[in-house]
Amino acid sequence: MMKGNRQTNSKGQLKHFLSIDGLKRDLLVEILNNAESFTSLARQGRSVKKVPLLRGKTITNLFFESSTRTRTTFELAAKRLSADVLNLNISTSATSKGESLLDTLHNLEAMHCDMFVVRHASSGAAHFIAKHCAPHISVINAGDGSHSHPTQAMLDMLTIRQHKGDFTPLRVAIVGDILHSRVARSQVLALNTLGVSEVRVIAPRTLLPFDARALGVHVYHDLIEGISDVDVVIMLRLQKERMSGALLPTEAEYFKLYGLTEEKLKHAKEDVIVMHPGPINRGVEMDSAVADGKHSVILEQVSNGIAVRMAIMSMCLGTHQDADMEDTV
Ligand code: NCD
C-alpha cells in the first residue's frame, strides 16, 4: 500500500519518482541498469524501434514551466515505450481560465491517464500532485522550483557510470549557481547515495545555500582549487529567473572567476569529463572550446535522458522487463 506521497510501495518498488531523497542505493543502481538496457534502443537514431512495455497506457506531460530537453525526451521516451502521450499546453489550457490545478488533474484522471510528468516553478508541486491524485496514477517530477530534478540527476549518473565505471573512487565538482539549482541538489543526493569518494561544490558565497555543508559536500570558492584532481566537473547555468536582487557583479566578472576554460580545466584529472544539464550560456559559465571540446559529454547526457526516462516510467508503471528480450512493434 502507498501512503501519502511516498515514492515506493511496501515491496520497495517505485510508484512515483519525486526526489532522490530517501531512495536506496540498490534502487538507483536498478534504474541505471534498466536504463542501460534501453540505451541501444534510444541510440538507434532514425529507425526508431519501440518496445510495447507501456502499450495502452496514457502519459500526460504537465509542464507549467518552459523546457526543451526534458519535455521532449520525456515525450520520446514515452513513445518508445508505446504509450499514448498528451502534452498539456498550460498557457492555453483551462488553468489559465481560472480552473484550479486540482480540477485540471481530476479532469485528466477522468480521461484515464496513468501517469503525470510534472514541471512546476514551485518547490513541492509534484509531491502535492502525487498526494492528491487518484491512487492508480504515478507522478514523475520533471523539476520543481529550486528543490529537485531527480530524472536529470539519474541521467547524469548514467553518463558518469558509462565513462568511469565504479562510483566509489570518484571526486566530482559541481560549479556555479548551487543556491537556485534543483539539479545540484538531486545530483549531490544521488552521488552520495551511490558512494562517490568526494562531492565538491564551487561557487561564490552569494550562490551557495547557508547550510551547503549539510548537503554532504566540500565547499570551495576558488575554481582552480576546487577542480584540482577531480574526475568529473558539472557546470551549472546561472538561474537568473530565480534570483532576486544582485547576487553577482557582472556576467563578465563571473566568467573571469568561475567560467570554465581549457586552461583552467588542465587542473582536473587528464581524463576528466565535463557535464552541463543545459541550456548552456556560452561565455558565461563555460567557454565554447570546453563545451564542444574532447572532455565534454554534454550531448551524451541528452541522449541518456531518453533511456533513463524510459527506465523510470516503466518501473513506476510496474512493467519493466529486459528490453533486449522484447520484440519490437
Ligand atoms: C535544468 C532545469 O530546468 O532545471 N535544465 C534541464 O532540465 N535540462 C537546468 C537549468 O535550467 O539550468
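This is a short tour of one protein chain, to be followed with the structure open in a viewer. The model is predicted, so its local features need pLDDT of at least 70 and side-chain atom pairs count only at pLDDT 80 or more, while totals for chains, interfaces and linings use all residues. Residues are numbered from 1 along each chain as its sequence is written, and side-chain values use heavy atoms, with hydrogens and water left out.

**The whole chain**

**The largest nonpolar core**

Next, select Phe17, Met154, Ile174, Leu260 and Met313, which have the most contacts inside the largest nonpolar core, a set of 88 residues. A nonpolar core is a set of buried Ala, Val, Leu, Ile, Met, Phe, Trp, Tyr and Cys residues joined through side-chain atoms within 4.5 Å. Now colour helix H11 (residues 298-316), which supplies the largest share of this core, ten residues. Domain 1 (25-145 + 305-325) and domain 2 (150-302) both give residues to the core, so it lies between them; the domain bounds come from an automatic or database domain assignment.

Apart from this core lies another, of 15 residues, and you can find it by selecting Phe116, Val118, Cys133 and Val139, which are among them.

**The largest pocket**

Select Arg119, Arg182, Arg237, Gly278 and Pro279, which lie nearest the centre of the largest pocket among the 20 residues that line it. A pocket, on a 1 Å grid over the protein atoms alone, is an open set of points with protein on both sides within 12 Å along at least five of seven lines, and lining residues have an atom within 4 Å of a point. About 370 Å³ of space lies in this pocket, where a volume is the space filled by probe spheres set on grid points joined across faces, edges and corners. Helix H2 (69-80) and helix H6 (182-193) are the elements that give two or more residues to its lining.

**The cavity**

Finally, select Arg69, Gln152, Leu155, Pro277 and Val302, which lie nearest the centre of the largest cavity among its 13 lining residues. A cavity is a set of points where a 1.4 Å probe fits but cannot get out, and this one holds about 90 Å³ of space. H11 gives the most to its lining, with five residues.

Technical notes:
Buried means under 20% relative accessible area, exposed over 50%, partly exposed in between (1.4 Å probe, protein chains only). Helices (H or I, at least four residues) and strands (E, at least two) are DSSP runs, numbered from the N terminus.
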